[in-house]
Amino acid sequence: MQIISERDVAIVGGGVVGCAVARRLTLEGASTVLLEKATDILDGASKGNSAILHTGFDAPPGTLEWQCVQAGHREYLEIHESLGLPVLRTGAMVAAWSKEEEERLAEVLAKGRSNGVDDLRLLGRDQILEMEPHLSPSVRAAIHIPREYVIDPWSAPLAYLLQSLENGGEVLCDAEVTAGEFDGSHWLLQTGRGTVRCRYVINCAGLYGDLVDKAVLGDADFTILPRKGQFVVFDKAAASLINSIILPVPSRRTKGIVLFPTIFGNMMVGPTAEDQESRDDASVERATLDMLAEKGKAMLPDLKNIPVTATYAGIRPATEASPYRIRNEPDRHWITLGGIRSTGLTAALGLAWHAHALLREQGASFTPLENPVVPRVPNLAEHLPRDFSRPGFGEIVCHCEMVTSREITAALTGKLPARSLAALKRRTRVTMGRCQGFYCSARLAELTRAKFATPLGVGEIND
Amino acid sequence: MTDSSSKTACTVAIIGSGPAGVGAALALHKAGIDDVVILERDQEAGGVPRHCGHPPFGLREYHRILAGPSYAARNIQAITEAGIRLLTGHTVTRLGKGGSLDLVTSQGARTIAAQRVLLATGTRETPRAARFVSGGRPLGILNTGALQAMIYLKGMIPFRSPLVVGTELVSFSALWTCKKAGIRPVVMIDEEKKTGVSRLVAMSHRYMGVPMLLGVEIINIQGRDRVESVTIRDGNGAIREFACDGVLFTGRFVPEASLARLGDLCLDPATGCPAVDSEGRCSDPAYFAAGNLVHAPVRVAGQCYRSGVQAGLAIARDLGGRVHEKDCPIPPDRRKRT
């Protein structure tokens, strides 16, 4: 039995929560290894979310989720500039489209204020249309939440993990955790890459969180009930139609279907909330996409002349109950952060602090780094200068998203190289634009030859 | 790049070096407008014919049958011989009022003020996403354009046994491309009950040994990393699953009108093409459009070339040049433009 890594803490799962935990624990002085079962991080729930930085205005009051969302919102705004992460300060409106919804806005307002979000205000139709002149005039009223923002859902966790790696942390991909043994002070975790020895384990395995608990601890105190959300992404021409995130009046089950600008300059409608058995079947369905596009057009009539750029689905790790499912096993040096759904992108930074606090309760003690390295990730946001604005970029490979060969080369190398097309898309946006690879697939296949676990080309003409 | 001058003004800027852009540039040249520049975002000029490795191209222009790449090379040779400036690696990012163009190049950003601009940015196929096709998103889903560029430009094969969606002319062109590369499509399908081509062309799928199913819809695309199978439903509700390692979405051409859309030019809501008058002029009188950018449905290269020639002559007239029909490199089509 060969030990391939020996660390203070192993973090299971390279989603946004795992990446944020790796960053926090590394900064607090722990030696960490992040274990990801896929070829790249962000391969599960974190690959398809709404990319909203939440204030927590509608979080269940007093819960850990509420605390972590608020802490995460605060910390993101503190660190984003130094890490090169963008923020699109859109604000949001909880918009009422019917009389019943309008009546429920008072509740939304009261809940938001009691949640400590004190800058909410009620807008009438005229005020809404003044701020959002393209919105359908059938809107009746709205609660304005000025500090709900849009961020880059992939660069953020990438930056968190890179900060861990730049400060001595380790990541192992293709390292699914299948079993483990605890001897009273140390864990031996069996992974797809070999055995990892560590003192503490933080399970951040998202859609597979319950399975990891079962495989290693023997049981799980929650069950993941995968919930799929489909999205329709409209062309960048739509971005000028709206400034704010348009939220529906929430139901108990889900935040509902949202109309929102993306940091990449598109306009998006989604997600649905569909319970399913599969943890990895993120397929889209035509009837649902039609419905989403219609919903979008009902809210924003000018969308009818805007082409669709992309469609996709994400899967969120819902469980039997709504709260975050935290399992704390001091005797076994184990913490599970489970059931982190749509608020995870914001809450991850707060959850990372929570995990650190639990570790200390379990007896772990580390000395925080004095001058940690702060890496910067490349900017992919449309409203900030992109790589192509700096000369010497080589060539523009993906014309729709203006991705340069310099960006692609950088993403294929470094501490966390992209080893799949999906990974390269998340790091550069290549092929994610309106032509979806019509123009650039061939050049991309050439540039990524022998770089991907699943290559774009399955063979050469002369072989 | 054939020119790295940082000249910031020109008489006519042509965006795109495909057949329409080339036709227009040559027509302008013959009409005596000499300060013309072609802006091409790719590293290689020539446009889509560069990766259509099949005949027939060039019948009208060169009176012989050429394959796409030779045709594109001939076009670019004609541009070079005429001394027309051609800038590759020049991406226009914004169409400003009155012909002011923002560009990005690896040497830095620049602006060109053109008296007239011709948009000749062509067309592309509708990708899977915009068709709202159900299913997962594994690797191996692409358009004919990407397939042909991979095969003819890079010598790479994206799949061995794809399912082909569409029965337009380009779909059959795709079958030829597959045959040439040793790719064996498992089936060709269309949601429509009729093919988009003549019976003679439609027959060719048999010659190629590819079964054709009409009036069927994809209800799922399966596969974890790469496409593994596609499930379809026919008009009677019967469901079939085809093992395959890719899905090729062909045709349903849409104009590459993004610059016009993001700028302030009016688009025809029905086609998505820039709205043009009988001269090919857009809603901003400094802008003209030609070729497949304004053709719905899409047309072959020779027709785009001719459309470019006509636009070139219209621009020359607009600039006060004395233009005769004989100035035109090829006889203009007498049929009314549709």
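A crossing of two helices is called left-handed if the near helix is turned anticlockwise from the far one by less than a right angle, and right-handed if clockwise. In this predicted model, local features need pLDDT of at least 70 and side-chain atom pairs count only at pLDDT 80 or more, whereas totals for chains, interfaces and linings use all residues. Residues are numbered from 1 along each chain as its sequence is written, chains are lettered from A and ligands numbered from 1 in the order in which they are written, and side-chain values use heavy atoms, with hydrogens and water left out.

By the convention for handedness, α1(B) passes α8(B) in a right-handed crossing; helices (H or I, at least four residues) and strands (E, at least two) are DSSP runs, numbered from the N terminus. Two packed helices are described by the angle between their axes and the distance between the axes. For helix α1 (residues 19-30) of chain B and α8(B), the angle is about 40° and the axes are 6 Å apart, where axes are lines fitted to C-alpha atoms, for helices over the stretch in contact, and angles run from 0 to 180 degrees between N-to-C directions. The contacts (heavy atoms within 4.5 Å) involve residues of α1(B) including B:Pro19, B:Val22, B:Gly23 and B:Leu26, which meet residues of α8(B), among them B:Ala301, B:Tyr305, B:Gly308 and B:Gly312.

## Two antiparallel sheets

In chain A, three strands form an open sheet in the order β3-β8-β4, and the pairing is antiparallel; two strands pair if DSSP finds at least two bridges between them. The edges of this sheet are β3 (52-53) and β4 (87-88) of chain A, each of which pairs on one side only. Between β3(A) and strand β8 (residues 149-151) of chain A, the antiparallel pairing runs over two bridges, and A:Leu53 has A:Tyr149 in β8(A) as its bridge partner.

Chain B also holds an open sheet of three strands, with the order β13-β14-β15 and antiparallel pairing. Its edge strands are β13 (217-222) and β15 (239-243) of chain B, each pairing on one side only, and neighbouring strands of the sheet are turned by 20° against each other on average, direction ignored. Five bridges join β13(B) to strand β14 (residues 229-233) of chain B in the antiparallel sense, and within this pairing B:Ile221 has B:Val230 of β14(B) as its bridge partner.

## Salt bridges

Over all chains the structure holds 45 salt bridges, each being a side-chain nitrogen of Lys or Arg within 4 Å of a carboxyl oxygen of Asp or Glu. One of these joins A:Asp8 to A:Arg199, with the closest N and O atoms 3.2 Å apart. Because A:Asp8 lies in strand β1 (residues 3-12) of chain A and A:Arg199 in strand β12 (residues 194-203) of chain A, the pair ties together parts that are 191 residues apart in sequence. A:Asp8 is buried at a relative accessible area of 18%, whereas A:Arg199 is partly exposed at 26%; buried means under 20% relative accessible area, exposed over 50%, and partly exposed in between (1.4 Å probe, protein chains only).

The side chains of A:Arg443 and A:Glu395 also meet in a salt bridge, at 2.6 Å from N to O. This pair links distant parts of the chain, 48 residues apart, with A:Arg443 in helix α11 (residues 441-447) of chain A and A:Glu395 in the loop between α8 (344-361) and β21 (396-398) of chain A. A:Arg443 is partly exposed at 24% relative accessibility, while A:Glu395 is buried at 13%. In chain B, B:Arg317 forms a salt bridge with B:Glu279, the closest N and O atoms being 3.5 Å apart, and this pair links helix α8 (residues 301-318) of chain B to the loop between α7 (258-262) and β18 (287-289) of chain B, 38 residues apart. A network of salt bridges links A:Asp213, A:Asp219, A:Arg327, A:Glu329 and A:Arg332.

## Cysteines and a buried threonine

A search of the whole structure finds zero disulfides over all chains, a disulfide being a pair of cysteine sulfur atoms within 2.5 Å. The sulfur of A:Cys198 is 12 Å from the closest cysteine sulfur, in A:Cys204, and that is too far for a bond. The sulfur of A:Cys398 is likewise too far for a bond, at 4.4 Å from the closest cysteine sulfur, in A:Cys440. A:Cys198 is buried at 0% relative accessible area, and A:Cys398 is buried at 2%.

A:Thr343 is placed in the loop between β20 (334-338) and α8 of chain A and is buried at 6% relative accessibility. A:Thr343 and A:His54 are 289 residues apart in sequence and 7.1 Å apart in space, C-alpha to C-alpha.
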